[in-house]
Amino acid sequence: MDDYVVSILSNIGMISFLALSAYLLLLTGEISFGQQAFFAISAYLSGIATAMWGWPLWSGLLLGALAAAAAATVIGVLTLRLRGLYFSIATLAFAEMVRLLFVIFHYQVVIDGEPVGPDGAEGFRDIRWVFENNISVTEYMVIIYTVLVIVLTLFFLLERSRLGSIFRMLGEDTLLTEMQGLNVIRFKVLASGIAGFIAGIGGGFYAHFATYLEPQNFSVMLGVHALVYGLIGGLGTALGPLIGVGLDIGFLEAIRAIQGYRMIVFGGLVAVLLIFMPRGILDEERIHWFRLTWRRWRDAKR
Amino acid sequence: MTDFIQNCIDGVMIGSGYALLAIGFTIIFGVLRRVNLSYGPSIMLGAFVGTLLYVQFQAHAVVVAMATVVGAVLAGMYVERVCFWAIRRGAAVASMVSSFAIWMQLEELAIVMLPERTYPFPPLTETAPIEIGPFFLRSEHLTMFVVAVVLVAVVHTVLYRTRFGLSVRAVSENLLAARFMGINVDAVMFWAFALVSAIGGVAGFLILATDQQVTPYFGLWATFKGLIAMMLGGMGSLPGAILGGLILGIVEVQSLWYLGNDYKDLSAYFLLFLVLIIRPGGILGHALSERERAAFRRV
Amino acid sequence: MLTVENIVTAYGMIQALRGVTLEARKGEITCLLGPNGAGKTTLMFTIAGLLKPQQGTVRLEGEDLSGVSAAKVVERGISLVPENRLMFPEMTVEENLMVGAFVRMKGKKADLAADKEAVYAHFPSLKERQSQLAGSLSGGEQQMVAIGRALMARPRILLMDEPSLGLAPLIVEEIFRIVEELNQAGVTIFLVEQNARMALRVAHHFYLLEQGRITFSGLPGELEEEEVFQRAYLGSRQE
């Protein structure tokens, strides 16, 4: 497979984690502009682990994702009182703080006579574990997608589980959920933590794919994109955000003719789409209709 | 101490520009009950038209200002039709996402239009700073402040002494009742948008003329400043927007002076985060009505 | 004065009004009674131009109002006192009244001061509270503001959607006394109500709306009170 195609597909895979992270919070009714902060935290930490402390990839990825989850949980607790726009702006503020902190974050160790490590705005180079351990770009892509499929399966199970219903209930009406005797606080914080972990997985993969991180990679643009993917793909299923990612990074990238105008086209496409499908392509209603139709077809065959 | 006060003076002057941006957000949120993420970018597009005239035709600062305002208003009307009018019945989220999409469009459009990273903007004034005792007043800052004050007075007059302003306030307070009074709600929203874009255009011109340059990232920057200022001061209220803008200005200048450039934006975001966690209503707290608080929660 | 012919209004697939015909005569108080969900507010919204009917016409003194927007309907002379009053909460009583006269503010200086005084003459307690924020008023006072506000537009006909809703009985009596007073001063009123007892006391003519259809049209007294109450609150017994 052509290296270019592999890199596009890998990109789609990694950003999908971020999109799924924002999607989970959307289910619980919160619009987060800041999931990219957890993506960044995990990227940096897993990079530090493998490039500076000599950890193997898996441990590094896990550490990064756990750290992201921890940070997300803390933020989840701090923002408990906030709803709606207040919450969104708070997440935005936090994410920008994280980005700006990385601009002033310097931590380097000398390896083989060379300084290695995050150097503020200069970035963090040489996260080369993947290359030093002879994993090809194609193999890496397979790894990313394997983990992605696992996460998607978990989402699929979540949809059918009690926890999934509770999350969606939170998204519909927090007061009603509370009156069912459910501890809203616990579930909101849980959702934050899980979402942080998922974003962290993506971040860890990204660090080792790009081998070079700089704070401006993790700007608000990244986070809002991740959010938008879910909102245009539809919140009826975890495939929704993936459709959004695929549409932007995959489909539009493929059309060389619009090189340099991609944002103009994507932006226009999204705007028009939202006029006719304000709840996204695969929204809850449509998914419900699919399920009903499938069930009817299945029953008719008996 | 002198430095501290000087910074406060500078902060208030710079903050007056932020206050204008915050006012724009506040009015739109009041009337449409939606967040417009394309506010900054539409102003930026207007500024690009202005800089085009400046670079190609050496246009006078006043002409550039007018072009900026006109460009901002036209871009704003485009945003209003595509993101807000067309999605009238949809959820507020859809409009916000659509405004983000158009933000990306406008940003790339600006880059395509003028591919260099930065373009010059005419200076506001050429006069030397004014000295008052141990303090300096930069003349461009003073100009910005004075124009901002005038503009706030104009907005207040429009809102409280004109028929149009009455309709804007009515729509902000109770959309359905406003319809029953014979108010054409669609028209009110459209013209409120135009008014807000014009204010933004002036604010943009003032800020850019002070810096004497414009980049395509001005849109994002302006949106953030406006949002932060609005949230700091007390969301949904005009006095809050003004206060928030001034406070933001002061915080920025003080942290730039005492902590350095790396900490300037960090301090602003930190303050915002703190305010949101401790006192979400903003510094002027309960200036919001219950209905507006509910609207913020539901976005 | 106001004739509604064969109105069919639907929300998506739900037909709220299935061919409603009625008439509100000039100078009279006409009442529409019916249980919740019968379509009373839908009819009000249709007349007020907020909803477009699939079929049928609305005519004001012969003028066809089909397709007229909500804003223009007010200009043509129909003012609505909405259900739940719908105040502009951050505006004062005085400002609320002024918004009511919005359609008359175009062009030259309208003589609104006289209209304002006329409203205060009907509602003296409002005059005391003219600088008070409407959001802080009691339910009854808000109802008075809503009525006064609608009057400021000098309508040819005043529509009232459930004026007694959520108000204490004493206040309800006061409101209906005002309704009679206004009518005696020459205002044509079309009133939609659940409180059948009070409505029948003031009505010159009344209709029953059940499940989107007019099931009765006549004078108060033509139908057994008991039957009216039952159908107004619960709907007819199904055969």
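The legends below describe close-up views of a predicted model with chains A, B and C.

Residues are numbered from 1 along each chain as its sequence is written, and chains are lettered from A, with ligands numbered from 1, in the order in which they are written. Because the model is predicted, local features need pLDDT of at least 70 and side-chain atom pairs count only at pLDDT 80 or more, whereas totals for chains, interfaces and linings use all residues.

**View 1. The side of chain B that touches chain A.** Two residues are in contact if their C-beta atoms, placed from the backbone, lie within 7 Å. Two pairs of chains touch, and the pair with the most contacts is A and B. Here 36 residues of chain B are in contact with 31 residues of chain A. At least two residues each come from α3 (61-85), α4 (92-113), α9 (218-233), α11 (261-278) and α12 (290-298) of chain B. Of these, α4(B) gives the most, with 13 residues. Helices (H or I, at least four residues) and strands (E, at least two) are DSSP runs, numbered from the N terminus. By class, this side of chain B has 27 nonpolar, three polar and six charged residues. Ala, Val, Leu, Ile, Met, Phe, Trp, Tyr, Cys and Pro count as nonpolar, Asp, Glu, Lys and Arg as charged, and the others, Gly among them, as polar.

**View 2. The side of chain C that touches chain B.** In this view, 21 residues of chain C are in contact with 16 residues of chain B. The elements of chain C that give two or more residues are α2 (70-76) and α3 (93-100). The largest share, four residues, comes from α2(C). This side of chain C has 18 nonpolar, one polar and two charged residues. No contact joins chain A and chain C, and their closest C-alpha atoms lie 15 Å apart.

**View 3. Confidence along chain B.** The predictor's confidence in each residue is given as pLDDT, from 0 to 100. Chain B has a mean pLDDT of 87, with 94% of its residues at 70 or more. The lowest confidence in chain B is in α12(B), at a mean of 52, and the highest is in helix α8 (residues 185-211), at 93.

**View 4. Helix α13 of chain A.** This helix covers residues 284-300. The number of buried residues in α13(A) is zero, so the helix lies largely in the open. A residue is buried if 20 or more other C-beta atoms lie within 10 Å of its own, exposed if 12 or fewer, and partly exposed in between, with C-beta atoms placed from the backbone.

View 5. Two strands pair if DSSP finds at least two bridges between them. Strands β1(C) and β4 (residues 55-60) pair in the antiparallel sense over five bridges, and Leu2(C) stands opposite Leu60(C) in β4(C). Strand β4(C) also pairs in the antiparallel sense with β5 (residues 63-64) over two bridges, where the bridge partner of Leu60(C) is Glu63(C). Two residues lie between the strands of the hairpin of β4(C) and β5(C), in which Glu61(C) takes a positive phi near 45°.

View 6. Asn6(C) is found in strand β1 (residues 2-11) and has a positive phi near 55°, although it is not glycine. With 13 other C-beta atoms within 10 Å, Asn6(C) is partly exposed. Leu86(C), in the loop between β6 (78-81) and α3 of chain C, has a positive phi of about 50°. Leu86(C) counts as buried, with 24 C-beta neighbours inside 10 Å.

Terms used
The expected span of a helix is 1.5 Å times one less than its number of residues.
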